[in-house]
Every structure is written in C-alpha cells, then in structure tokens.
Amino acid sequence: MNKIYGFGNAMIDIEIKIEEKDLLDIDIEKGNMKHIDDDELKSLLNKYSNNIESRLPGGSIANSLYAANQNGASIHFSCSVGEDDYGDYFVSSFENNENLITYKRSKLSTGICLIFVTEDGERTMASNLGANLELRPEILNLEKISNSDFLIFDNFSLFSESGLNTVIAALREKQQSKVCFGISDKTLIDENLKNLNWLSQNEIDLIYGNNNELSELRNKVAIKSKNILESFGKKGAGFNGSLVPAPKIEVVNTNGAGDALIGSFLAFKDHFDDKTALFKAVGYASRVCRVNGPRLI
C-alpha cells in the first residue's frame, strides 16, 4: 500500500451557482482563482447567499489525499484550521482522524473558498486563506514524512513565507519520498515566481496540473521533473505523453476533479502500470465531476 504524506490548505468550499454574466461582477477570469480578504468574502457571501448549493470540506491537497485513501493508499495530512465550527467540520471529514491528520488551531478563521459554478460546470474560485496563513513547519509530522512513499504539496503552500518554510522543512525530511508538486492555478505562477524558481533547484519526481497551467509554468520557470501528469478537462489526461480519454458524462461541476486525478493516480500506481493507473484515475476524477463538492462521499 502506497503511503502518501501531504500538507496544504484546509478549506471549506462554499459552492455557488452563477450565470456567465456574473463572472464580470466577481472579477475573476473563468476557471481561475484569486485571493480575497475578509471584507470581500463577506460581500460576496451576502450578494450570492440565495445561490449557495453546499458547504463542504475542501482544499486541494486534502482532496487529493481523500481520493487516494478511498482507493487504497495510506495517507496523512497536515494543516492549520481555526478555532471554529468550520475547523471542527474540516477535521471530522478525515475518518479516524487521529491517524490521518495532524493540525494546529489558529486564532484566524478556518479558510473558505467560494466556488462559483457556471451552467457548464466550470468552477471559478475566490479564496480567503484565513488560518492557512499560519501553515508552519511545526505542524508537520516528521516521522510520517520520512516513512512516506510520496510527499505531495502544491503552489498554494508557496504563497506565504511560513508556507515556504514548511516546504523547506518537509523537503529536508523526505528521505526516500518521491516529491509531487501541483501547480494549482495559473494565476499563482506569477504571484509565486520567486519561490517557484527556488523550488526548481530541488528534485521533483512529478509535476501535475492542467494543460494551461503547465504551459504557463514552462514559459515562466525552468522547473524540471521526471514525470508530468497533465489534465485536459473533458478530453482526458496524459502521463508523460501517454493519453487517456475521459468518459462522456454530464458535468455537474469540475471542482476537485484535478485533485481527485492525482490522488487516485498515486494510489493506483501501487497495483497497476502507469497507463492502467491513469485510466482508472481518469474514471474516478470523472465521477467527481458528476457530484456537488470536491470529494466522493
């Protein structure tokens, strides 16, 4: 059984149905993400309160580990949450949480990500990081890292100085772990450019993201990886150039699909060759697109 350790944002995803014209109002390019402050969060929640579909635990690395665990991998996740009901809710989303999650409480509120979903199922995100700004090295479970087969984190952890320090500490402890890095969002590449250039000097076993994110990364950073997992939305996904088509489905929303792809792929790699693992991972991620929320419950 593959052992996967990850750290990153602990979020509550609030999914909101909107029309295409509303994208101009929220001022985020379709399919992308921007960070918002507390006032913007309050304003958007008030404006779209009647359009809220669900409030569910999220966070990209957390979603990936959840998917990996559902498909047989042994996982552990580290994060920072608030001293509030949302923090309790997030922690409780990991069954047997004493073994699956390490966390510290913050005086800041638990992070919230507004997921705006248009009629075609595409998600556009507004993220209020809250307690995630206090992701720190002391949150890490160093023993779990040193015994893991894969260490997974993403671009969101490079956004703050404390997050960068957490990445540095994790890489120092990784030992035999293969490092997997997620691009997360195209807009984060420019925002984190300095830290991405630092990361490019480290050994990365696998980089993953959608084709737009990977194209932007290649244009901006000389970052190398032994392996590339690339998603193409409705067209499927590729691993090191080997493509697997996605099944034709009715998309409810795409929130969490990429997270599910990498998580399930790493789990399936324990039992199957890369092509078969990718085929099964694409199937699992497609199922995520057929439900509200970023995880299959």
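This is a predicted model: local features need pLDDT of at least 70, side-chain atom pairs count only at pLDDT 80 or more; totals for chains, interfaces and linings use all residues.
Let me start with strand E1 (residues 3-7) and strand E5 (residues 74-82), which pair in the parallel sense over 5 bridges, where two strands count as paired if DSSP finds at least two bridges between them. Within that pairing, Ile4 stands opposite Ile75 in E5. The element names refer to DSSP runs numbered from the N terminus, helices (H or I) having at least four residues and strands (E) at least two.

Residues are numbered from 1 along each chain as its sequence is written, and side-chain values use heavy atoms, with hydrogens and water left out.

Now the sheet as a whole: 9 strands form an open, mixed sheet in the order E6-E5-E1-E9-E10-E11-E12-E13-E14. Strand E6 (101-106) and strand E14 (242-244) are the edge strands, each pairing on one side only, and the twist averages 15° from one strand to the next. Further along that order, strand E11 (residues 206-210) and E12 pair in the parallel sense over 5 bridges, with Glu230 in E12 as the bridge partner of Gly209. Strand E12 (residues 227-231) is mostly covered, since 4 of its 5 residues are buried, buried meaning under 20% relative accessible area, exposed over 50%, and partly exposed in between (1.4 Å probe, protein chains only).

Let me turn to the helices. Helix H4 (residues 85-92) lies across E5 and E6 and runs at about 180° to E5; the axes are lines fitted to C-alpha atoms, for helices over the stretch in contact (heavy atoms within 4.5 Å), and angles run from 0 to 180 degrees between N-to-C directions. In helix H3 (residues 60-70), 9 of the 11 residues are buried, so this helix is largely enclosed by the rest of the structure, and just after H3, Gly72 takes a positive phi of about 105°.

Where does Ile36 sit, and what does Ile36 touch? Ile36 is found in the loop between strand E3 (33-35) and helix H2 (38-47), and it counts as buried because its relative accessibility is 7%. Leaving aside residues up to four places away in sequence, Ile36 touches Leu41, Leu44, Leu114, Ala126, Ser127 and Asn128.

A search of the whole structure finds 12 salt bridges, each defined as a side-chain nitrogen of Lys or Arg within 4 Å of a carboxyl oxygen of Asp or Glu. One of them joins Arg105 to Asp88, with the closest N and O atoms 2.6 Å apart; this pair links distant parts of the chain, Arg105 being in strand E6 and Asp88 in helix H4, 17 residues apart. Arg105 is partly exposed, with a relative accessible area of 35%, and Asp88, at 39%, also counts as partly exposed. The side chains of Lys226 and Glu203 meet in another salt bridge (2.9 Å, N to O). Because Lys226 lies in the loop between helix H10 (211-220) and E12, and Glu203 in the loop between helix H9 (193-199) and E11, the pair ties together parts that are 23 residues apart in sequence. Lys226 counts as exposed at 55% relative accessibility, and Glu203 is exposed at 52%.
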